Amino acid sequence: MTDQTPGPEHRGVRRLFARTSWPEARFLADVLRTETVGGALLLLGAVIALVWANSPWGDSYAALGQWVPWSAGSALHLDLDLATWAADGLLAIFFFVVGLELKREFVAGELRDPRRAALPVVAAIGGMALPALIYVGVNVAGGGEGVRGWAIPTATDIAFALAVLAVIGAYLPQGLRAFLLTLAVVDDLLAITIIAIFYTDDFSVLPLLGAVLPIALFGLLVQRRRTWWWALVPLALIAWTLVHSSGVHATVAGVLLGFTVPVLTGKGGDARRPMPGLAEHLEHRWRPISAGFAVPVFAFFAAGVSLRGADLGAVVTDPVVLGVVLGLVVGKCVGILGSTYLLARFTRASLDEDITWSDLLGVSFLAGIGFTVSLLIGELAFGSDSVEGANVKAAVLAGSLISALLAMLVLRRRNKVYRAIALKERADIDQDGVPDVYQKPGG
């Protein structure tokens, strides 16, 4: 939330989703361009996995995921199959970028201002709490055997969500896009916390304490702007190995390393157009690797659920499947929309005049696309080879697809409204050179 005073009649009224500054807009545009491509690659990896797993050659797909490239690594707990390497290793790159993004948002982005941070934080909490409650309620009513997967429908996949928004919402307000990005950042932070606390088995404290040293050395080097790859990469690998050996999910190492990178620049630079800090520099360098390789490969190994010979009736009525689908489709939407409405109601805040509740409804549906982290939590909760694990994959795919379709129905209609406004403003510029920047949607 933030204050806007375009005129005396608006003075003192707090606005939600207010316009961001130019550096924020430029950074957001860069993220959207990258995530659009990354979302397409993510979808491609999932589709290939589904087709292969359900083809006559499905056994070869399963064998590929179960292949152990380094069987001699048992002493370091690194005798992992390819599917686990994708989930524990490649996703560490994804969570390193998430860590950079989180720190940037809290230090120099939308979340540095408590008033602006209140909305996405409350919306993210509501959008995670209600799906979890729905899932638990459905599974308790069904016998309670699948309650361990309560966190599966709580996560939002930022790559998919931003890719869909970029494709269908070229004319949607920037504030709405910034809200989705910031909400997803808070969502990622809470999801990381859930994984570290609730999905850690066989915890060993000594390797975790040992990981402090390479993480501290990594932080010392980046704080002094020493970006020596020959030093930083080995330190990151050592930290990842120790965290993995401790029993804590290894992707947490990526987040901790990201947190050590400085966001703000040192001396110099124009205060009106600040130079990008090291966190933004590393994020621009590693995000293409994360979005273009790490996450699509993980999706390839995680999304290949085989439906050959499956009892579809049993799958559809499985409490785990129902809980995940209802949590993603209903819980995410109602949780985000409801918590935002309550915040606006009890703080006397109102939506920014460029945005309507219909816009927020579409974005709330969009947040129900829970792919990467939802699949990861599903594997942590039930394993990848169990019946429940296969059902979780099908449920996440179904819930994400339904949420995406509902979001498209709402946002395509809203995009047409904003397109008409943009064309009218362009006509006004051609006529007198002064656009009507305060015209409301539908006006």
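A: Rings of Phe, Tyr and Trp (its six-membered ring) pair if their centres lie within 6.5 Å; planes under 30 degrees apart count as stacked, over 60 as edge-to-face and the rest as tilted. This is a predicted model: local features need pLDDT of at least 70, side-chain atom pairs count only at pLDDT 80 or more, and totals for chains, interfaces and linings use all residues. Residues are numbered from 1 along each chain as its sequence is written, and side-chain values use heavy atoms, with hydrogens and water left out.

Q: How many aromatic pairs does the structure hold?

A: The structure holds 11 aromatic pairs. Take tryptophan 85 and tryptophan 240: their ring centres are 5.5 Å apart and their planes are at 15 degrees, so the pair is stacked. Tryptophan 85 lies in helix 3 and tryptophan 240 in helix 8 (residues 229-246). Helices (H or I, at least four residues) are DSSP runs, numbered from the N terminus.

Q: Is tryptophan 240 buried or exposed?

A: Buried means under 20% relative accessible area, exposed over 50%, partly exposed in between (1.4 Å probe, protein chains only). Tryptophan 240 has 9%, so it is buried. Tryptophan 85 has 24%, so it is partly exposed.

Q: What about the rings of tryptophan 228 and tryptophan 230?

A: Their centres are 5.3 Å apart and their planes are at 10 degrees, so this pair is stacked. Tryptophan 228 is partly exposed at 38%. Tryptophan 230 is exposed at 53%. Elsewhere, Trp52, Tyr61, Phe300 and Phe301 form one aromatic cluster.

Q: How do I check the span of helix 3?

A: The expected span is 1.5 Å times one less than the number of residues. Helix 3 (residues 82-108) has 27 residues, so it should span 39 Å; its end C-alpha atoms are 38 Å apart, which agrees.

Q: Where is the kink in helix 3 centred?

A: The bend at a residue is the angle between axes fitted to the seven residues ending there and the seven starting there. In helix 3 the kink is about 35 degrees, centred on alanine 92. Of the helix's 27 residues, 20 are buried, so the rest of the structure largely encloses it.

Q: Which residues touch the most other members of the largest nonpolar core?

A: A nonpolar core is a set of buried Ala, Val, Leu, Ile, Met, Phe, Trp, Tyr and Cys residues joined through side-chain atoms within 4.5 Å. The largest has 81 residues; Phe95, Phe179, Leu366, Phe371 and Val373 touch the most other members. Helix 6 (residues 174-198) gives the largest share, 12 residues.

Methods
Helices (H or I, at least four residues) and strands (E, at least two) are DSSP runs, numbered from the N terminus.
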